[in-house]
Amino acid sequence: MARASKFQHGFLPRLTFVDHNCYSHTLFGGTEHSNDSEPDRPEGEEMNKMSKIYKRLRRTFTWYLSSKIVLALLIVAVSATTIVTSTTYQAEIGGELNVTNSLVAVDKGFFVAGSSVAAAGTSCSSPAIFGAGTVANTGITQQDLVYDVQVNETSITNINTCFKATLVVTPNGAAATTYGPVYMNTTISILSTLRIDCQFDIGASAPSSPYSFQLTVK
């Protein structure tokens with residue numbers, strides 16, 4: 001009985017020592033395994049990368065969508081301020097200068113009168129005299145259309161002779177309208193540089209298109 005009691009007395013402390021060591025190893029081992037589940041694992045790094053890529057894509061898409069919206073608004077704003085204008089073309093069938101062989105005429109076209117002008121060269125008793133810058137004209141109203149043709153003397157022009165100039169305009173589908181005549185007179189000195197501008201007021205608006213005109217000097 002004394003031996004059995006001695007055996008138990010020596011056995012129990014050793015078991016207690018072994019159990020203590022095993023428990024401690026298990027506890028620290030579990031702690032090491034639990035460290036493997038921290039975010040520093042490869043799976044955590046992959047998740048962080050995916051999160052960053054998602055955020056970057058979301059920001060890119062947001063900027064892209066915002067840019068498209070701003071561009072669309074700009075296009076709408078520009079379109080709203082666009083003014084559409086129509087262009088009217090006017091056709092001239094033809095013009096004829098029928099001038100006596102002793103004179104030369106040059107077509108100077110139409111212009112808008114800057115001011116009103118009284119008639120000049122209204123008859124052979126009150127003609128415009130060939131010179132430099134001389135004008136024979138019908139009565140002209142400011143802002144009306146005026147047709148202008150320049151008439152020059154030549155070396156064969158008769159001296160001290162009265163000529164008259166008449167304009168006929170024929171609008172499309174309408175009757176012809178005669179303007180003038182205006183009168184001009186040569187002097188005793190005939191020079192090719194001496195001239196007269198014959199001007200005809202045809203009204204506030206252009207004739208119906210297409211139209212034709214004829215100027216006759218005789």
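**Strand pairing, core and disulfide**

A: Starting point, from a predicted model: Ala165 stands opposite Val182 in S7.

Q: How many bridges join S6 to S7, and do they run parallel or antiparallel?

A: Seven bridges join the two strands, and the sense is antiparallel.

Q: What about the hairpin of S6 and S7, how many residues sit between the strands?

A: Six residues lie between them, and Gly173 in that hairpin has a positive phi near 70 degrees.

Q: Does S7 pair with S3 in the parallel or the antiparallel sense?

A: S3, residues 128-129, pairs with S7 in the parallel sense over two bridges. Ile129 has Asn185 in S7 as its bridge partner.

Q: Back to Ala165. What is it in contact with, sequence neighbours within four places aside?

A: Ala165 contacts Pro181, Val182, Met184, Cys198, Phe200, Leu215, Thr216 and Val217.

Q: Which residues have the most contacts inside the largest nonpolar core?

A: Val151, Ala165, Leu167, Met184, Cys198, Phe200 and Val217, in a core of 26 residues. Strands S2, S5, S6, S7, S8 and S9 each supply at least two residues of this core.

Q: Is Cys198 buried or exposed?

A: Cys198 counts as buried because its relative accessibility is 0%, and the cut-off for buried is under 20%.

Q: Different topic. Which cysteines does a disulfide join?

A: Cys124 and Cys162, with an S to S distance of 2.0 Å. Cys124 is in the loop between S2 and S3, Cys162 is in strand S6, and the two are 38 residues apart.

Q: How many disulfides does the count come to?

A: One.

Q: Left-handed or right-handed link between Cys124 and Cys162?

A: Left-handed, with -90 degrees about the S-S bond.

Q: Why do Cys124 and Cys162 count as partly exposed?

A: Cys124 has 42% relative accessibility and Cys162 has 25%. Partly exposed covers the range between buried, under 20%, and exposed, over 50%, so both values qualify.

Q: Now Gln199. Where is it?

A: Gln199 is in strand S8, residues 195-203.

Q: Buried or exposed?

A: Gln199 is buried, at a relative accessible area of 13%.

Q: What does the side chain of Gln199 make a polar contact with?

A: The partner is the side chain of Asp148, at 3.5 Å.

Q: And which residues is Gln199 in contact with, leaving aside neighbours within four places?

A: Phe111, Val135, Ala136, Asn137, Thr138, Ile140, Val146, Tyr147 and Asp148.

How values were computed
Residues are numbered from 1 along each chain as its sequence is written. This is a predicted model: local features need pLDDT of at least 70, side-chain atom pairs count only at pLDDT 80 or more; totals for chains, interfaces and linings use all residues. Side-chain values use heavy atoms; hydrogens and water are left out. Helices (H or I, at least four residues) and strands (E, at least two) are DSSP runs, numbered from the N terminus. Buried means under 20% relative accessible area, exposed over 50%, partly exposed in between (1.4 Å probe, protein chains only). A polar contact is a pair of N or O atoms within 3.5 Å; within protein, one must be able to donate a hydrogen and the other to accept it, and residues adjacent in sequence count only if both atoms are side-chain atoms. Contact means heavy atoms within 4.5 Å. A nonpolar core is a set of buried Ala, Val, Leu, Ile, Met, Phe, Trp, Tyr and Cys residues joined through side-chain atoms within 4.5 Å. Two strands pair if DSSP finds at least two bridges between them. A disulfide is a pair of cysteine sulfur atoms within 2.5 Å.
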